[in-house]
Amino acid sequence: MAKQGQTKNLDDKGLEGLTVAAREAANRTSAGKGLPPVHLWNPPFCGDLDMRIASDGTWFYMGTPIGRPALVRLFSTILKREDGKHFLVTPVEKVGIRVDDAPFLAVEMQNEAGEGGRLLRFRTNVDDWVPCDSDHRLRFEMAADGGLTPYLHVRADLWAKVTRALYYDLVDMGEERVVDGQPMFGVESGGEFFAMADAKQVRDAV
């Protein structure tokens with residue numbers, strides 16, 4: 001259990017201390033390639049950090065936006081989710097951060113056609129390209145305005161919220177299919193069909 005004052009001590013390290021720890025963790029990968037194996041690390045919990053990822057994908061440290069994309073990218077590589085909470089993890093420590101919605105934002109989409117059918121690829125706000133397939137699924141949740149918000153599985157229980165503009169593109173390429181005996185409206189990618197909503201509800205809304 002974190003002791004009182006741990007959060008303040010962590011914050012006092014500043015971004016430089018966090019950057020050093022993140023870079024050391026990244027260097028543990030093979031020749032610096034790929035993502036750090038955070039799923040293999042189980043260090044002690046060192047308290048919560050005053051860091052937040054807003055719903056628009058902006059990272060904040062002590063209430064101030066982190067304006068260095070390379071630094072945000074670095075921190076994103078040591079991000080881990082456990083029991084619904086998000087952490088930055090190195091081999092020696094784990095600190096909690098706040099995430100308002102999803103930790104990533106899907107900001108660009110490519111529609112590729114191949115022998116196996118359509119494959120959608122999404123670029124996140126930290127410049128990861130993620131294929132939409134059986135390992136990286138789309139899910140759709142009801143939004144406050146009554147519409148739908150798509151999310152793409154990036155890795156290890158970490159998700160990217162798909163921007164509204166890309167959502168409209170998904171709707172434009174959508175189609176009706178019968179899923180478990182029920183007509184559903186959705187989109188195909190990577191040999192999978194990702195249902196958005198009941199087909200009749202979609203027809204009635206148009």
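Helices here are DSSP runs of H or I with at least four residues, strands are DSSP runs of E with at least two, and both are numbered from the N terminus.

Two notes before you start. This is a predicted model, where local features need pLDDT of at least 70 and side-chain atom pairs count only at pLDDT 80 or more, while totals for chains, interfaces and linings use all residues. Residues are numbered from 1 along each chain as its sequence is written, and side-chain values use heavy atoms, with hydrogens and water left out.

**Exercise 1. Work out the strand order of the open sheet, then see what packs on it.**

Step 1: Strands of a sheet pair through backbone hydrogen bonds, either parallel or antiparallel. Two strands count as paired if DSSP finds at least two bridges between them.

Step 2: Start from strand 7 (residues 104–114). Eight bridges join strand 7 to strand 8 (residues 117–124), running antiparallel, and these two strands make a hairpin with two residues between them. Strand 7 also runs parallel to strand 12 (residues 158–162), with three bridges.

Step 3: Check some partners. Ala106 is opposite Thr124 in strand 8 and opposite Val162 in strand 12. Leu105 has Lys161 in strand 12 as its bridge partner.

Step 4: Write down the order. The six strands of this open sheet go 9-8-7-12-11-10, with mixed pairing. Strand 9 and strand 10 (138–142) are at the edges with a single partner strand each, so one side of each has no neighbour in the sheet. On average, neighbouring strands of this sheet are turned by 40° against each other, direction ignored.

**Exercise 2. Track down positive phi values at Asp127, Asp157 and Asp83.**

Step 1: Know the background. Most residues other than glycine have a negative phi.

Step 2: Take Asp127, whose phi is near 65°. Asp127 lies in the loop between strand 8 and strand 9 (129–131), and its 53% relative accessibility makes it exposed.

Step 3: Move to Asp157, also not a glycine, with a phi of about 65°. Asp157 is in the loop between strand 11 (148–155) and strand 12, and at 38% relative accessibility it is partly exposed.

Step 4: Visit another hairpin. Strand 4 (residues 79–82) and strand 5 (residues 85–89) pair antiparallel over four bridges. Two residues lie between these strands, and Asp83 in the turn has a phi of about 50°.

**Exercise 3. Look at the rings, including Tyr167 and Tyr168.**

Step 1: How many aromatic pairs are there? Rings of Phe, Tyr and Trp (its six-membered ring) pair if their centres lie within 6.5 Å; planes under 30 degrees apart are stacked, over 60 edge-to-face, and the rest tilted. The count is three. One of them has the rings of Tyr167 and Tyr168 with centres 5.7 Å apart and planes at 45°, so this pair is tilted.

Step 2: Compare accessibility. Tyr167 is buried at 11%, whereas Tyr168 is partly exposed at 49%.

Step 3: Check for charges over rings, where NZ of Lys or CZ of Arg must be within 6 Å of the ring centre and within 35 degrees of the ring normal. Lys94 lies over the face of Phe87, 4.8 Å from the ring centre. Phe87 is also the bridge partner of Lys80 in strand 5. Arg139 lies over the face of Tyr151 at 4.4 Å.

How values were computed:
Buried < 20%, exposed > 50% of the residue type's maximum accessible area, 1.4 Å probe, protein only. Axes fitted to C-alpha atoms, helices over the stretch in contact; angles between N-to-C directions.
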